[in-house]
Amino acid sequence: YAERLKNHMLTTGFSFEGYRIAEYLGIVTGETVMGTGYFSDIGASISDLFGAEASEYSEKLRSAKQAVLKIMIKNSTDLGGNAIIGISYELMTFSGNMMGVSVTGTSVKVIKYSDNT
């Protein structure tokens, strides 16, 4: 299972060079909602005051994007896919300093042209 997750092909486009899409398996998603945290809010306020990057928020956003990507890949492998095309992220904010990240794509089964043309 870990091997399938590691080798899953991903693209924001709709094809892979040297591969053909053998089967479309359906839309897959991953979602998470997380709080920014009190200390992150203080750090971000100081960054805002000086016009600097809010690294605390940036790190939380990176972590959230990785988490939803893992969920989406797992959902794709559960369908029998080995790739996801058309990946798109959506970011949301909720009251109480909560942020949400959602990722959507289409799970597909791809075959290398040389393997089964």
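Trainee: Is K109 buried, partly exposed or exposed?

Mentor: Relative accessible area settles that: under 20% is buried, over 50% is exposed, and partly exposed lies in between, using a 1.4 Å probe and protein chains only. K109 has a value of 32%, so K109 is partly exposed. Keep in mind that this is a predicted model, where local features need pLDDT of at least 70, side-chain atom pairs count only at pLDDT 80 or more, and totals for chains, interfaces and linings use all residues. Residues are numbered from 1 along each chain as its sequence is written, and side-chain values use heavy atoms, leaving out hydrogens and water.

Trainee: Which residue forms a salt bridge with K109?

Mentor: Side chains of opposite charge can pair when their charged atoms come close. The criterion here is a side-chain nitrogen of Lys or Arg within 4 Å of a carboxyl oxygen of Asp or Glu. K109 pairs with E23, with the closest N and O atoms 3.9 Å apart. K109 sits in strand β4 and E23 in strand β2, 86 residues apart, linking distant parts of the chain. Strands (E, at least two residues) and helices (H or I, at least four) are DSSP runs, numbered from the N terminus.

Trainee: How many bridges join β2 to β4?

Mentor: Two strands pair if DSSP finds at least two bridges between them. Here 15 bridges join β2 (residues 19–35) to β4 (residues 98–112), and the strands run antiparallel. I21 stands opposite V110 in β4.

Trainee: How far apart in helix α3 are D78 and K74?

Mentor: They are four residues apart, about one helical turn. D78 and K74 form a salt bridge, with closest N and O atoms 2.7 Å apart.
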